[in-house]
Amino acid sequence: MSPIGHSLAGATIYLVYTTLRKKQPRITMLIPVILLSNLPDLDLVPALWEGFPRANNFHQGFTHTFVFCLILTFIISVGQWVRAGKWDRNIMAAAFFLPAIHIFADALTLSDPYYGVMLLYPFSSETFLLPPIFLSISRDSLRDLFSLSNFRSTVHEVLIFLPFLTWLLYLTYNRMVPAGSKERHHE
Ligand SMILES: [Zn+2]
């Protein structure tokens with residue numbers, strides 16, 4: 001999945017959370033949400049010095065595992081505890097679930113050659129690849145990143161998330177603006 005798809009997945013999860021908790025979404029929260037949603041792809045950083053396609057050898061390794069999500073949750077939670085002097089369950093949940101959903105989305109992405117995600121590594125090297133929903137993203141060269149096929153895959157991701165995001169934003173708008181004030185607005 002592309003970084004845009006992962007960011008939209010994170011934004012969708014954040015809006016599901018604010019809708020269920022009847023909270024007002026904050027635009028500034030999108031920054032940590034998008035960062036956490038893309039964090040597992042940190043393993044593409046070697047592309048800076050290794051270049052593509054060699055960098056793909058490091059991709060979907062340890063940062064795409066259940067253990068990585070747990071370590072990340074521990075580091076972020078302790079950092080937050082040191083800063084604020086108390087645990088924050090919302091931050092703990094975000095630190096675990098946003099990268100976990102990234103990994104799940106990658107497992108749902110058409111992959112050629114076969115990657116899959118080693119969800120249980122280092123306990124097992126078995127790779128998991130679920131029936132694909134999202135189209136493949138090619139990373140064989142820098143030029144490939146901006147190819148028409150990657151653009152098509154990204155548009156496909158946007159079209160999948162758009163109905164959910166629109167519906168969640170509609171629910172948020174209806175919750176935030178009381179019915180009476182909407183009628184007054186139309187007068
Ligand atoms: Zn990934």
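Tutor: We can go from the overall picture to single residues. Keep in mind that this is a predicted model.

Student: OK. What does the secondary structure come to?
Tutor: Eight helices and zero strands. From the N terminus on, the order is α-α-α-α-α-α-α-α.

Student: What size of box do the C-alpha atoms fill?
Tutor: Roughly 60 × 45 × 30 Å, taken along the principal axes.

Student: How many of the residues count as buried?
Tutor: The chain has 187 residues, and 21% of them count as buried.

Student: And what share of the contacts comes from residues 24 or more positions apart?
Tutor: Such pairs make up 61% of the contacts with a separation of 6 or more.

Student: What about confidence? What is the average pLDDT?
Tutor: The chain averages 90, and 94% of the residues score at least 70.

Student: Which element has the lowest mean pLDDT?
Tutor: Helix α8, residues 179–186, with a mean of 61. Helix α2 has the highest, at 97.

Student: How should I treat a low-scoring part?
Tutor: Where pLDDT is low, the predicted coordinates should not be read in detail.

Student: Which residues are buried in α1?
Tutor: G5, H6, L8, A9, G10, A11, T12 and Y14.

Student: What covers the buried residues of α1?
Tutor: The cover includes α2 (30–38), α5 (89–107) and α7 (148–176).

Student: Which residues touch the most other members in the largest nonpolar core?
Tutor: M1, A11, V33, L36, A94, L98 and A105, out of 14 residues in that core. Helices α1, α2 and α5 each supply at least two residues of this core. A second, separate core has eight residues, including F68, C69, A107 and L119.

Student: On to α5, then. Which residues of α5 are buried?
Tutor: A94, A95, L98, P99, A100, H102, I103, A105, D106 and A107. The buried residues of α5 pack against α1, α2 and α4.

Student: What span should α5 have?
Tutor: The 19 residues of α5 should span 27 Å at 1.5 Å a residue. The end C-alpha atoms of α5 are 27 Å apart, so the two agree.

Student: And α4?
Tutor: Helix α4 covers residues 66–84, which is 19 residues. After α4 comes G85, whose phi is positive, near 80°.

Student: Back to P99. Why does P99 count as buried?
Tutor: Because P99 has 27 C-beta neighbours inside 10 Å, and the cut-off for buried is 20 or more.

Student: Which residues does P99 touch?
Tutor: L36, L39, P40, F68, C69 and L72, not counting residues up to four places away in sequence.

Student: Is K22 buried or exposed?
Tutor: Exposed, because K22 has 8 C-beta neighbours inside 10 Å, and the cut-off for exposed is 12 or fewer.

Student: What about Q60?
Tutor: Its phi is positive too, near 55°, and Q60 is not a glycine. Q60 is in the loop between α3 (47–50) and α4. Q60 is buried, with 22 other C-beta atoms within 10 Å.

Student: Last one. Which peptide bond is cis?
Tutor: The bond from Y121 to P122 is cis, with omega near 10°. P122 lies in the loop between α5 and α6 (142–145).

Conventions: Residues numbered from 1 in each chain as written. Predicted model: local features only at pLDDT ≥ 70, side-chain atom pairs only at ≥ 80, totals over all residues. Helix = DSSP H or I, 4+ residues; strand = E, 2+ residues; numbered from the N terminus. Contact = placed C-beta atoms within 7 Å. Expected span 1.5 Å × (residues − 1). pLDDT = per-residue confidence, 0-100. Core = buried A, V, L, I, M, F, W, Y, C linked by C-beta atoms within 7 Å.
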